[in-house]
Structure formats: structure tokens, C-alpha cells
Amino acid sequence: MQKILISACLLGRPVRYDGRSVPKHDAMIDKWLEQGRLVPFCPEMAGGLPVPRPPAEIHGGTGIEVLEGKALVKTREADVTAAFLKGARAALDLCREQGIDFALLKEKSPSCGSRHIYDGSFSRRLIPGRGVTAALLEDHEVSVFCEDDILALSHVLI
């Protein structure tokens, strides 16, 4: 049975920057949880960031550019790129250790966004792109889905 890395906030864990969660209520998530398929993970906490923490956005690109050293992840006051990279590597390590080929991650996050992320201006403008963790996982053949793609994920699972 294939396991799925899932953003811990989607399971109701209060790990987001604002100390809240964004639980995704869905019958498939409930089924996967009951089956023991879901592996909750928060890359930002794994990277050493506290809860709550200042919001962060990618400046100068997307997660791919952060991985290439061409963009930074910043709060309004500080560069937090190192923590985001550390958390992304921890997510990849966990996937490798547990043979995880699929991830269900929180959209719009500078870590977990798989389709869109905020543009770095703290104005709530979205741009196409992946967050740091989503980009690293995809680059290492872990298929990343957002919380709106649960049905698509269910069709590719064994």
C-alpha cells in the first residue's frame, strides 16, 4: 500500500505560520488516514521555524530558483531561505526512507504550493509556480498534488 506525504496543516495540526490549521475535510483523506497511508509533515517546522512565525514568501522567483540559489525566501524582516531548504531536504529524506512516491501539499505555501505561490510582495498576488519543498520533491520523482487534486491522486494510487 502506497503512502502519501501530507501537509500536517491539512490534517488539522496547528503548524501554519499563524498557528492555525486548514483541515481538508474529504472522504478520501479520511479513508487514507484510516488505512494508515498518510504521513503528516510540515517542512517549515522541520526546517526549524517556530509556530507562530512571520509569514514568508519567495522573492525573485519560485521554489525552483530557491533550490538553484537564484531566489530567497523572506519574511518582511529576515531571510529564512536556509530553514526552507532544510525542511525541503527533510521532506525528501522522509519520502526516501518510507518509499513515498506521492505528496498531498497545501497550495499557495512557499514550501508546499504545487501550482501557485505568492509573488513575494506580501500583497496576496499569486503567480504560477511551486514552493521549495514541492519543487524538490517533484525534481526527485515524488508526484505532488494540492488539496484540490485529491480525486486525481486517488486515481494514481495502487
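**Figure 1. The loop that holds P52, with its cis peptide bond.** In this predicted model, P52 sits in the loop that runs between helix α2 (43-46) and strand β3 (57-59). The peptide bond joining V51 and P52 is cis. Its omega angle is about -5°.

**Figure 2. The loop between β6 and β7, with F122 and R124.** F122 belongs to the loop between strand β6 (116-118) and strand β7 (126-128). R124 is found in the loop between β6 and β7 as well. F122 is not a glycine, yet its phi is positive, near 60°. R124, also not a glycine, has a positive phi of about 70°.

Figure 3. Helix α1 covers residues 27-35, and D26 caps its N-terminal end. The cap is made by a side-chain oxygen of D26, which lies 2.7 Å from the backbone nitrogen of M28. Just after α1 comes G36, with a positive phi of about 80°.

Figure 4. S7 lies in strand β1, which spans residues 4-7. The relative accessible area of S7 is 3%, so S7 is buried. Its side chain reaches the backbone nitrogen of K106 at a distance of 3.0 Å. Apart from neighbours within four places in sequence, S7 is in contact with F41, L104, L105, K106 and C112.

**Figure 5. Helix α5 and its surroundings.** Helix α5 runs over residues 132-139 and is largely enclosed by the rest of the structure, because 6 of its 8 residues are buried. The buried residues of α5 are V132, T133, A134, A135, L136 and L137. After α5 comes E141, whose phi is positive, near 65°.

**Figure 6. L137 and the residues around it.** L137 is part of helix α5 and is buried, with a relative accessible area of 0%. Leaving aside neighbours within four places in sequence, L137 is in contact with L5, A91, L92, C95, A103, L105, V142 and V144. The C-alpha atoms of L137 and F102 are 9.0 Å apart in space, while the two residues are 35 residues apart in sequence.

**Figure 7. The whole chain, as a setting for the close-up views.** The secondary structure of the protein chain consists of 6 helices and 8 strands. Read from the N terminus, the order of these elements is β-α-β-α-β-α-β-α-β-β-β-α-β-α. The chain is as compact as a globular protein of its length, because its radius of gyration is 14 Å, close to the 15 Å that the globule rule gives for 158 residues. Taken along the principal axes, the box filled by the C-alpha atoms is roughly 40 × 30 × 25 Å. Of the 158 residues, 48% are buried. Among contacts with a separation of 6 or more, 64% are between residues 24 or more positions apart. The accessible surface comes to about 7,800 Å², and 51% of this belongs to carbon and sulfur atoms.

Terms used. Residues numbered from 1 in each chain as written. Heavy atoms only, no water. Helix = DSSP H or I, 4+ residues; strand = E, 2+ residues; numbered from the N terminus. Buried < 20%, exposed > 50% of the residue type's maximum accessible area, 1.4 Å probe, protein only. Polar contact = N/O pair within 3.5 Å; in protein donor to acceptor, adjacent residues only side chain to side chain. Contact = heavy atoms within 4.5 Å. Rg over C-alpha atoms; globule rule 2.2 N^0.38 Å. Areas by Shrake-Rupley, 256 points an atom, 1.4 Å probe, with all protein chains shown as cover.
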